[in-house]
Amino acid sequence: MDTITLGPCSPPAAPCVATVGFFDGVHRGHRFLIGRMVDEARRRGLSSAVVTFDRHPREVLRSDFRPQSLTTLDEKCALLAQTGADRCVVVPFTKALAAMDALTFMDTVLRKRLAVRVLVTGYDNRFGHNRSEGFDDYAAYGRQIGVEVLRCEPLVTDGIRVSSSAVRALLQEGRVDTAARCLGYPYTIRGTVVRGEHIGTALGFPTANLAPSAPEKLVPAAGVYAVTASVEGVDRQLCGMMYIGTRPTFDGHATTLETNLFDFHGTIYGRRASLSFIGRLRGGRKFGSAAELADQLRHDARAARQLLSARVR
């Protein structure tokens, strides 16, 4: 897939079938839609294009908006590259773009700049100023400007209509296993390993503290999780258990992400790491003593190993 950022000097595009959206997470619902678009393009002998944006529209419209993203732009583009579409076009989202109504966007950006001949939309996709219009409006505008507009039905998994908002809600509830089934892959947070307060070491469970590289990414609900880890300079996948929370047993206040890596004893401060969530073991709570917490951690470690051995191949 070719990935381009749309700019004033972008070369003319070949006629294509396209779909447009923010595509946060590039979940199974997105891939279902993009697959429909790719099939339509092949049937018509046209190229296929995914049109997305470089930032969440609300970041431009509201200065106080703090996204809870499932993917960074780089992660999103990497996932879109796996969908089979010919091109990914990243459109810079500006105030001028935000002010466009749907007809203007379809005509000036999609038809004239990107040569879109057929637009495949998601079942609930809305674009244009105030997002006040829907599929029937887009289809009518398409007839005016010579763009055929098709609608794709939703994808339902585990009784859930798959969407980015549904995945966020699952992660905020700690249901990382169901979120992974909707995403099509385990939710992952990347960052750098930093020094902590060595509380885990004192308990017999040394931890790698992660400073996320993308603060805009959603952090799942507080609790203890079974995770897999990829660490810079380590040539094998690691398994472990991660704690997310404020360490109430020790009167903590700041939320930390601490991972005990099983069967690993190297020093990895300053290295990049990726942590993927496989399953939630329990919620967070305050323990009566450090010894009581250590007993619980031993139980957590056994449960995590059992869960990981069953799910990680």
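Helices (H or I, at least four residues) and strands (E, at least two) are DSSP runs, numbered from the N terminus. The model is predicted: local features need pLDDT of at least 70, side-chain atom pairs count only at pLDDT 80 or more, and totals for chains, interfaces and linings use all residues. Residues are numbered from 1 along each chain as its sequence is written, and side-chain values use heavy atoms, with hydrogens and water left out.

**Exercise 1.** Work out how the buried residues of helix 6 are arranged and what covers them.

*Solution.* 
- Step 1: In helix 6 (residues 135-145), F135, Y138, A139, Y141, G142 and I145 are buried.
- Step 2: These residues line one face of the helix, because they fall within an arc of 165° seen down its axis. The arc is that of the directions from the helix axis to the C-beta atoms.
- Step 3: An α-helix has 3.6 residues a turn, so residues three or four places apart point the same way.
- Step 4: On the face turned away from the buried side are the exposed residues D136, R143 and Q144.
- Step 5: The cover over the buried residues includes helix 5 (102-113), strand 5 (116-121) and strand 6 (148-151).
- Step 6: G146 follows helix 6 and has a positive phi, near 85°.

**Exercise 2.** Describe the lining of the second largest cavity.

*Solution.* 
- Step 1: A cavity is a set of points, on a 1 Å grid over the protein atoms alone, where a 1.4 Å probe fits but cannot get out; lining residues have an atom within 4 Å of a point.
- Step 2: Among the residues that line the second largest cavity are V193, N209, T259 and I268.
- Step 3: Strand 10 (208-212), strand 11 (223-231), strand 13 and strand 14 (272-282) each supply at least two lining residues. The largest share, three residues, comes from strand 10.

Methods:
Buried means under 20% relative accessible area, exposed over 50%, partly exposed in between (1.4 Å probe, protein chains only). Contact means heavy atoms within 4.5 Å. On a 1 Å grid over the protein atoms alone, a cavity is a set of points where a 1.4 Å probe fits but cannot get out, and a pocket is an open set with protein on both sides within 12 Å along at least five of seven lines; lining residues have an atom within 4 Å of a point.
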